[in-house]
Amino acid sequence: MCDTGYSVRELVADLRLLAHDRLDDAAMARAVPDLVKRLVLMRHNWLRPYMCVAGEGAAAGLHALHEEPDHTLAIFVVTWLPGDETPPHDHGTWAVIAGLDGHETNHWWKRFDDGTVPGYADVRRAGSERIDASHIVAMAGDAIHSLHNDSGAPSTTLHVYGRNVDYTDRHKYDPARHALASYKLGATTRADSLPQEAT
Ligand SMILES: [Fe+2]
C-alpha cells in the first residue's frame with residue numbers, strides 16, 4: 001500500500017525550503033496556506049484527541065507540533081471552548097490559521113493612528129470571516145486580528161507562525177480604551193519530545 005498523504009514532518013520540510021529562500025513576511029503568508037491546506041486534508045492521519053484538549057478558564061488549549069531550535073516555524077493545535085475569544089492582536093511574524101474541527105470567527109482590525117504615541121492605538125473592526133476546515137486565513141506580522149469561538153461547540157484550529165509568538169515583539173489592543181500592550185501566548189512547549197505520530 002502506498003501512503004500518499006502529507007504529514008507534519010513534510011510541512012516542516014517545505015517550510016524550511018521557503019525559509020531558506022528568505023521570502024519576506026507577506027510572501028510567506030501567501031505561500032504557506034497551500035501547504036497547510038494539504039495537512040488539513042490529511043488530518044485523519046495525524047490529529048489525535050489528546051491534541052485537542054481545551055485550556056483552563058479562558059486560556060486556549062495549546063499542543064505544540066513543531067518549533068525550530070531558534071523558535072522559528074512554530075506549529076500548534078489550538079482548541080477554544082464556546083464563547084472563548086482573544087483580544088485584537090498582531091503577531092510580529094507571519095501567521096496562517098486553518099480549521100481542523102468545528103469553526104470559529106476571525107475578525108480583522110485596522111489601526112488608524114500613526115503609532116507615535118506610546119501605549120496608544122486606535123483600532124477598529126474591519127471585517128470578519130469564518131475559519132473552518134475549508135477556509136484558511138493568513139496574515140503578515142503587522143496585521144491585527146482576533147478570534148472568537150462563536151460556534152456553540154469546541155473549535156480546534158492549526159496555527160503556523162514564522163516564529164513562536166512568545167519570541168516576537170507583538171501586541172494586544174484594547175479598542176475601547178485605545179490602548180496597546182505586549183502580548184504573550186505562554187506557548188513555550190518544545191516539540192522535540194513529541195511522539196512520532198505527531199510529526
Ligand atoms: Fe493571532
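Which residue in β8 is the bridge partner of Ala95? It's Tyr161, and we'll get back to that residue in a moment. First, a word on what you're looking at: this is a predicted model, where local features need pLDDT of at least 70, side-chain atom pairs count only at pLDDT 80 or more, and totals for chains, interfaces and linings use all residues. Residues are numbered from 1 along each chain as its sequence is written.

Let's start with the sheet that holds β8. It's an open sheet of 5 strands, in the order β1-β2-β8-β3-β6, with antiparallel pairing. Strands here are DSSP runs of E with at least two residues, helices are runs of H or I with at least four residues, and both are numbered from the N terminus. Two strands pair if DSSP finds at least two bridges between them. At the edges stand β1 (61-66) and β6 (136-139), each with a single partner strand, so one side of each has no neighbour in the sheet. On average, neighbouring strands of this sheet are turned by 20 degrees against each other, direction ignored. (Axes are lines fitted to C-alpha atoms, for helices over the stretch in contact, and angles run from 0 to 180 degrees between N-to-C directions.)

Now back to Tyr161. Strand β2 (residues 72-80) pairs with strand β8 (residues 155-163) in the antiparallel sense over 8 bridges, and Ala74 stands opposite Tyr161 in β8. Strand β3 is joined to β8 by 6 bridges, again running antiparallel. β3 also pairs with β6, over 4 bridges, with Ile136 in β6 as the bridge partner of Ala98. And β3 (residues 95-101) is largely enclosed by the rest of the structure, because 6 of its 7 residues are buried. Buried means that 20 or more other C-beta atoms lie within 10 Å of the residue's own; exposed means 12 or fewer, partly exposed is in between, and the C-beta atoms are placed from the backbone.

Next up, helix α1. It has 13 residues and reaches 18 Å from its first C-alpha to its last, close to the 18 Å expected at 1.5 Å a residue (the expected span is 1.5 Å times one less than the number of residues). Which residues of α1 are buried? They're Val8, Leu11, Val12 and Leu15. These cover an arc of only 100 degrees around the axis, which puts them on the same side of α1; the arc is that of the directions from the helix axis to the C-beta atoms. On the other side, Ala13, Leu17 and His20 are exposed. The cover over the buried residues includes α2 (25-41), α3 (43-46), β1 and β2.

Met28 lies in helix α2. It counts as buried, because it has 24 C-beta neighbours inside 10 Å. Leaving out residues up to four places away in sequence, Met28 touches Leu18, Leu23, Trp94 and Gly162, where contact means C-beta atoms, placed from the backbone, within 7 Å. The C-alpha atoms of Met28 and Leu15 are separated by 9.0 Å, with the two residues 13 apart along the chain.

Finally, there's an open sheet of 3 strands, with the order β5-β4-β7 and antiparallel pairing. Here β5 (123-131) and β7 (144-148) are at the edges, each with a single partner strand, so one side of each is left without a neighbour in the sheet. The twist averages 25 degrees from one strand to the next. β4 (residues 104-111) pairs with β7 over 5 bridges, and Trp108 stands opposite His145 in β7.

Definitions and conventions. Two residues are in contact if their C-beta atoms, placed from the backbone, lie within 7 Å.
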